[in-house]
Amino acid sequence: MRLICLLLFPACLHAATLATFRADVTPPLGHACMGGGIPPVRSVAQSLEARGFVLLAPPQKPFVVVSFDWCEIRGSAYDDWRAALAESAGTEPQRVLITSTHVHDAPVMDPEAEFLLHEAERSGAWKKLPAPDNRAPIQLASVCWPDFNRLCIQRVQRELRKAMSKAHAVTHFGVGRAKVERIAANRRFINPDGGISYARGSRSATNPQAAAADEGDIDPWLRTLSFWDGERPICALHSYAVHPMSRYGQGIVSIDFVGLAREKFQSSHPEVFAIYASGAAGNVTAGKYNDGSDASREGLIQRLHTAMEASWQQTQRHELQSLTFRNAQIALGARNTIAHTEAILRHRLRTDPVPFGRAESAMGLAWYERVKTGHQIDLPCIDFGPAQLLLLPAESYVEFQLFAQSLKPNDFVMCLGYGECGPGYIPIERAWKERDSNLHDWTWVGPGSEEPMKKAIRSALLP
């Protein structure tokens with residue numbers, strides 16, 4: 001593991017401006033959802049968007065922050081997005097903070113995984129495998145459509161450029177927070193017999209033990225970072241650490257309860273450009289309070305929207321006088337545990353009769369290949385003085401967000417999760433020791449990632 005910290009300390013800012021933009025990134029019918037783990041797109045309940053802003057604050061180079069109503073962005077797709085938006089905004093890729101809300105009826109963009117999948121399936125050997133569960137024929141697998149990703153890049157670039165020609169003056173930034181009631185709970189809970197379970201998923205309210213157990217380690221606060229021209233609000237970025245699913249898996253594209261809460265806030269404040277981003281929530285779900293019903297979803301929407309409004313109402317404004325940018329880099333390795341070695345994944349890619357088994361193996365191998373190149377993940381931090389905006393990679397466990405906040409207890413530390421998503425889950429060591437059942441899959445880093453992650457977070461946050 002190697003860390004590089006870039007420090008910039010401008011004396012003051014001159015004529016700061018903010019440009020907000022949005023673009024449709026709804027996948028077409030037939031596109032894979034959740035990397036092929038659930039049925040592909042069959043219909044669209046709500047359109048998916050990329051919503052973001054460009055903060056221009058000379059003498060600093062511009063900053064771009066954009067949240068996608070997608071599941072994840074990985075590999076070269078992540079690189080391509082940052083490079084393209086940096087070029088459009090006149091900045092460098094490290095200053096482009098890209099995050100996904102992680103809704104599941106939505107794309108996982110991983111072009112390398114799709115290529116590996118096609119290469120393995122081209123031989124047709126998988127067609128000779130016995131069909132799982134007596135289903136026939138065995139289906140082709142897909143992770144994503146790279147052509148669709150390239151089309152979306154062009155759309156967002158176009159909207160970003162248009163927005164920059166109409167940027168608003170910015171004199172202040174605002175910070176607010178509010179406690180969220182009855183949404184988040186850690187996947188980990190203690191059974192009545194004292195045993196430890198990690199089985200609290202996104203629809204666990206029907207499990208009496210999972211519903212009755214306490215919430216566990218969570219960040220109960222929704223945070224709002226806003227930008228103002230004097231007393232006129234321009235943009236509000238809300239963030240909360242929870243998996244954003246109330247129901248999913250039917251191929252019905254949706255922004256789910258977090259996006260629907262964002263839309264309620266947007267309707268109530270048409271003058272404010274509203275963005276929502278998920279915090280570090282790899283091990284936090286709404287399952288304690290959700291049974292997948294319409295009533296549960298509506299309750300989640302209302303309670304999250306209530307927190308957004310409360311956070312907005314208690315916003316405190318500060319003059320935007322200076323900015324500091326720091327970027328820590330971390331080299332997370334590839335998983336090499338039993339059943340997750342590179343050789344096992346390559347065998348599974350060729351022989352697994354379940355399409356998602358092959359797709360998931362392809363995603364794991366795509367991360368292996370990225371690690372082999374010496375790839376390092378950026379952890380960028382925009383420091384406003386009394387407030388910091390930090391982007392964490394992939395499905396970082398919430399303990400990393402809580403650790404970041406503990407480093408600056410008197411400041412407003414907003415952590416966004418789901419940055420570069422190639423690693424999958426990034427757990428703390430306790431999860432490995434307790435055999436967290438979620439680590440059977442979707443985890444392509446091995447034990448030993450907690451300390452390097454904390455070192456990188458410390459470097460990104462502290463001068």
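**Close-up views**

**View 1. Alanine 339 is partly exposed, with a relative accessible area of 46%.** Here buried means under 20% relative accessible area, exposed means over 50%, and partly exposed lies in between, with a 1.4 Å probe and protein chains only. The loop that holds alanine 339 runs between strand E20 (324-330) and helix H7 (342-351). Helices (H or I, at least four residues) and strands (E, at least two) are DSSP runs numbered from the N terminus. Alanine 339 is not a glycine, yet its phi is positive, near 75°. The model is predicted: local features need pLDDT of at least 70 and side-chain atom pairs count only at pLDDT 80 or more, while totals for chains, interfaces and linings use all residues. Residues are numbered from 1 along each chain as its sequence is written, and side-chain values use heavy atoms, with hydrogens and water left out.

**View 2. Aspartate 256 has a positive phi, near 55°, in a residue other than glycine.** Aspartate 256 belongs to helix H5, which covers residues 256-268. Its relative accessibility is 3%, so aspartate 256 counts as buried.

**View 3. Five strands make an open sheet of mixed pairing, in the order E7-E5-E4-E2-E9.** The edges are strand E7 (96-100) and strand E9 (168-169); each has a single partner strand, so one side of each has no neighbour in the sheet. Two strands pair if DSSP finds at least two bridges between them. Strand E2 (residues 17-24) and strand E4 (residues 49-56) run antiparallel and are joined by eight bridges. Phenylalanine 21 has glycine 52 of E4 as its bridge partner.

**View 4. Proline 58 and proline 59 are joined by a cis peptide bond.** Omega of this bond is about 10°. Proline 59 sits in the loop that links E4 to strand E5 (63-68).

**View 5. Isoleucine 428 is buried, at 9% relative accessible area.** This residue lies in the loop between strand E25 (425-426) and helix H10 (429-433). Leaving aside residues up to four places away in sequence, isoleucine 428 touches Tyr397, Glu399, Phe400 and Glu450; contact means heavy atoms within 4.5 Å. Glutamate 399 is 29 residues apart from isoleucine 428 along the chain, and their C-alpha atoms are separated by 7.4 Å.

**View 6. The whole chain, shown for context, has 11 helices and 25 strands.** Of its 463 residues, 60% count as buried. Its C-alpha atoms fill a box of roughly 65 × 50 × 40 Å along the principal axes. Among contacts with a separation of 6 or more, 80% come from residues 24 or more positions apart.
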